[in-house]
Amino acid sequence: MDVTVVGSGPNGLAAAVISARAGLKVQVLEAQPTFGGGARSAPDVEFPGVLHDICSAVHPLGFASPFFAEFDLAARGVTLAVPEISYANPLPGRPAAIAYRDLKRTCDELDHGASWRRLLGPLVKNSDAVVDFLLGDKRSVPSSPITSARLGLRMLAQGTPAWGSLSGDDARALFTGVAAHAITPLPSLASAGAGMMLATLAHSVGWPIPVGGTQKITDALIADLRAHGGEVISGAEVTEPPDGVAMFDTAPTALLRVYRDTIPSRYAKALHRYSFGAGAAAKVDFVLSGDIPWSDPRLKDVPTFHLGGTRQEMAHAEAEVAAGRHPQFPMVLGSSPHIADPGRIDEGGRRPFWAYAHVPAGSTVDPTEAVTAVVERFAPGFRDIVLATRSVPAARMSDHNANYVGGDIAVGGANLLRALGGPTPRLNPWSTPIPKVYLCSSATPPGAGVHGMAGLFAARTMLRREFGINELPKLSP
């Protein structure tokens, strides 16, 4: 075997696809019984016509990622439905703030839409350059220095205590909700970077939802890998060094278990010191009997929600989480995927509601009641339409994905230094000092998300160093 990829998340599969297309013999070993890591779907255990996404459900980078753009999911039968509304932020006692795909309509409905246009308008016009900078290899010169400078200034404005450049409670909440995807104290440069990219994409390519579930993306990657001679093996936990070159779509600390005392001492110390996030995600999948009774009727057409209230309430909740406390109203990300994909509604009218709550790392608390209370705050009567709930406390998130230690779905990568430099200080963050061993998980740049770029950068490094292949193979069908 030329290359063994450990872990079948989007980055691992991206690395495997590239390696197989380069003519190498490739295998992917997955400890779980199903493939996909953070990109999996499964039917409900009681209502099998209702499909739940196990981790990610909405994919702003599905179109924008350079890897997926070349891989061309649409040509492989994956339909990414792009709704008219990218996301919304319900607010207490007033109309919700809504991010339409149409930037003008978004600004027209905000109290001070001009400030939203000033913040995002120049970035939306040059969204490819924004993606290139935030998802690109930070060791290279950005394709558009002017756009990169604009982005940097906006990150400073939204990521530091000044927290300026937006007017109106609705606009401030609209940005803070999307910035909170980073699960860090607010404001921070990491959250500002996430918010800038995701908000820019909301008004450029939109926030697509895969028809038939996130698993469709994984299945397309696996089909291409097999078509080029690669193998994928489930239920295969790796505890000994694989033969040949190894690429790990895992937390960096997994190397300690596999390579043990063969790891160079300085690197072993760095891995032992590796820390995961203080904030984590706990999951609740709901089965609902009908539409959610939102107080703002416009929300019935929204597929993705940031349920944290005002900017001040979200900042307080994230600060509580960082301090190891459970806030009364945690930040909750929710999705009604059937809005974009009506096939998610079964014959009895039942449909899924996907939700993450931000909680302290390692929390053993069942998040169901907290999430239900948050939704009830903006949709009185929500409890009455809940038929079933499937919850996973943060401490158990690693049961279905070993990378999510303590519920950290960013695998320790949700801070600016790691987004730039990788999990340990190295000139090439996808390499390791262990011979023939590379990291390709979201712990490496450019960080979390279903985009495949960490896999692409790791494969590029590995192909050049181990096989003298300096040009990446074509990825189109």
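C107 is buried, with a relative accessible area of 4% (buried means under 20% relative accessible area, exposed over 50% and partly exposed in between, with a 1.4 Å probe and protein chains only). The model is predicted, and local features need pLDDT of at least 70, side-chain atom pairs count only at pLDDT 80 or more, and totals for chains, interfaces and linings use all residues. Residues are numbered from 1 along each chain as its sequence is written, and side-chain values use heavy atoms, with hydrogens and water left out.

**Cysteines**
- A disulfide is a pair of cysteine sulfur atoms within 2.5 Å, and by this rule the count is zero.
- C55 is in no disulfide, and its nearest cysteine sulfur, that of C440, is 16 Å away.
- C55 counts as buried, at 6% relative accessibility.

**Domains**
- Domain 1 of the protein chain covers 3-43 + 211-276 + 410-467, and domain 2 covers 107-203; the bounds come from an automatic or database domain assignment.
- Between the C-alpha centres of domain 1 and domain 2 there are 29 Å.

**Second largest pocket**
- The second largest pocket holds about 420 Å³ of space. A pocket is defined on a 1 Å grid over the protein atoms alone, as an open set of points with protein on both sides within 12 Å along at least five of seven lines; a cavity is a set of points where a 1.4 Å probe fits but cannot get out, and lining residues have an atom within 4 Å of a point. Grid points are joined across faces, edges and corners, and a volume is the space filled by probe spheres set on the points.
- The pocket is lined by 19 residues, of which A42, I54, D285, V392 and H400 are the closest to its centre.
- At least two lining residues come from each of β3 (41-43), β11 (279-288), β15 (386-392) and α15 (397-400); helices (H or I, at least four residues) and strands (E, at least two) are DSSP runs numbered from the N terminus.
- The lining of this pocket has six nonpolar, six polar and seven charged residues, where Ala, Val, Leu, Ile, Met, Phe, Trp, Tyr, Cys and Pro count as nonpolar, Asp, Glu, Lys and Arg as charged, and the others, Gly among them, as polar.

**Cavities**
- Two cavities of 30 Å³ or more are found in the structure.
- The largest cavity holds about 80 Å³, and its lining includes G290, W294, F305, H338 and R351.
- Six nonpolar, three polar and three charged residues make up the lining of the largest cavity.
- The volume of the second largest cavity is about 30 Å³, and the residues around it are L51, H52, D53, D285, P337, R344, P352, F353 and W354.
- β4 and β14 (351-360) each give at least two residues to the lining of the second largest cavity, which by class has five nonpolar, one polar and three charged residues.

- H59 sits in the loop between β4 (51-53) and α2 (61-64) and is buried, at 2% relative accessibility.
- The side chains of H59 and T214 make a polar contact (2.9 Å), that is, a pair of N or O atoms within 3.5 Å; within protein, one must be able to donate a hydrogen and the other to accept it, and residues adjacent in sequence count only if both atoms are side-chain atoms.
- L91 belongs to strand β6 (residues 85-91) and counts as buried, at 7% relative accessibility.
- L91 and A173 are 82 residues apart along the chain, with their C-alpha atoms separated by 8.2 Å.
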